[in-house]
Amino acid sequence: MKRISFLTAVLLLVAALLLLASCGEQPQETPKESQPADSSPSDSQTEPQQSDTEPATEPPTETQEPQSQEPVTEPDTEEASSADDPGIVDPEDPNQGGTSPADSVPVGTVYAKGQFTSKESNYIALVLDWSLTKQANGSVLLSMTASLSTYDISSRPKPNLGTFIAGNESKTFSTPQIDYTGSGRTLIQLATETFELAGTEEYLPLSASWKMMGYYHGQEIDSLVAVGVIDLLDLPAEYLVH
């Protein structure tokens with residue numbers, strides 16, 4: 001009986017040791033099972049990084065929206081098309097629609113004037129002043145005046161040695177004895193003539209000439225000639241009298 005009890009005690013001791021051994025192995029297995037739990041925080045850290053990159057793609061879509069605002073250009077194209085319409089007539093423009101400056105002024109008033117000057121010398125020159133006046137019968141009266149811009153001068157009488165030309169029509173004029181001994185430059189009027197125009201002319205050549213036939217400031221001068229061309233249907237703005 002003692003031997004049986006001794007064996008029983010040994011078996012119980014072995015069973016206790018096995019039980020303790022089995023209990024000691026379980027804590028070693030738990031770290032292996034906890035590895036998925038440790039990997040979950042790493043996964044949770046990557047998720048915020050993906051969420052951080054997502055808002056970065058959104059602003060470009062917001063900046064593209066204002067660029068697609070096309071209606072801004074539509075009013076400009078409509079205004080440009082109406083401004084280029086040849087059917088629109090400006091009532092304040094007297095030259096629009098083929099009308100001449102003479103048609104927009106009262107009868108008997110000067111509506112245009114100008115001046116041409118000879119180029120033969122820097123010290124003496126013939127100056128041609130012209131003006132246009134509207135007539136009651138629809139014609140245009142052209143007035144031309146020739147003057148001498150000069151320093152000291154002494155000139156004998158010159159009968160019919162001056163000439164006005166307007167288009168194909170010409171008129172001569174004479175000058176008396178001229179004597180001037182002033183201290184500066186002066187303007188001496190020589191003659192004035194008028195020409196009646198039909199009022200339908202366009203380009204009209206004008207000229208005034210004066211036979212000097214002498215020397216001035218050491219230069220030999222045969223004639224002084226002032227010449228120019230005016231357009232009666234489209235006069236430059238500087239010729240119009242306001």
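Which residues touch the most other members of the largest nonpolar core? Here are some notes, with that one answered in point 5.

1. **Ground rules.** This is a predicted model, in which local features need pLDDT of at least 70 and side-chain atom pairs count only at pLDDT 80 or more, while totals for chains, interfaces and linings use all residues. Residues are numbered from 1 along each chain as its sequence is written, and side-chain values use heavy atoms, with hydrogens and water left out.

2. **The chain as a whole.** You will find three helices and 10 strands; these are DSSP runs, numbered from the N terminus, with helices being H or I of at least four residues and strands E of at least two. Along the sequence the pattern reads α-α-α-β-β-β-β-β-β-β-β-β-β. The chain has 242 residues, and 26% of them are buried, where buried means under 20% relative accessible area, exposed means over 50% and partly exposed lies in between (1.4 Å probe, protein chains only). The accessible surface comes to about 16,500 Å², with 54% of it belonging to carbon and sulfur atoms; areas come from the Shrake-Rupley method with a 1.4 Å probe, and for residues only the protein chains shown count as cover. Of the contacts with a separation of 6 or more, 62% are between residues 24 or more positions apart, contact being heavy atoms within 4.5 Å.

3. **The sheet that starts with β1.** Four strands make an open sheet in the order β1-β2-β3-β8, with antiparallel pairing; two strands pair if DSSP finds at least two bridges between them. At the edges are β1 (110-117) and β8 (186-197), each pairing on one side only. From one strand to the next the twist averages 15°, taken from axes that are lines fitted to C-alpha atoms (for helices over the stretch in contact), with angles from 0 to 180 degrees between N-to-C directions. Seven antiparallel bridges link β1 with β2 (residues 125-134), and K113 has S131 in β2 as its bridge partner.

4. **The sheet that ends with β10.** A further open sheet of four strands runs β6-β5-β9-β10, again with antiparallel pairing. β6 (169-175) and β10 (219-231) each have a single partner strand, so one side of each is left without a neighbour in the sheet. Neighbouring strands here are turned by 20° against each other on average, direction ignored. β5 (residues 158-166) pairs with β9 (residues 203-216) over five bridges, and T163 stands opposite S209 in β9. There are two hairpins to look at:
   - β5 and β6 pair over six bridges, with F164 opposite K171 in β6. Two residues lie between these strands, and G167 in the turn has a positive phi of about 65°.
   - β9 and β10 pair over 12 bridges, with Y215 partnered by E220 in β10. Two residues again separate the strands, and H217 in the turn has a positive phi of about 55°.

5. **The nonpolar core.** Back to the opening question: in the largest core, of 37 residues, W130, L132, L142, F164, L206, W210 and I230 touch the most other members. Such a core is a set of buried Ala, Val, Leu, Ile, Met, Phe, Trp, Tyr and Cys residues joined through side-chain atoms within 4.5 Å. Two or more residues come from each of β1, β2, β3 (140-150), β5, β7 (178-180), β8, β9 and β10. The largest share, six residues, is from β9. Not counting residues up to four places away in sequence, I230 touches F116, W130, E202, Y203, L204, L206, L235 and Y239.

6. **L141.** This residue is in strand β3 and is partly exposed, with a relative accessible area of 26%. L141 and S131 are 10 residues apart along the chain, and their C-alpha atoms are separated by 8.1 Å. Beyond its neighbours within four places in sequence, L141 is in contact with S131, L132, T133, Q135, T194 and F195.

7. **S223.** This serine belongs to strand β10. A polar contact of 3.2 Å joins its side chain to that of D222; the term means a pair of N or O atoms within 3.5 Å where, within protein, one must be able to donate a hydrogen and the other to accept it, and residues adjacent in sequence count only if both atoms are side-chain atoms. Leaving aside neighbours within four places in sequence, S223 is in contact with E120, W210, K211 and M212.
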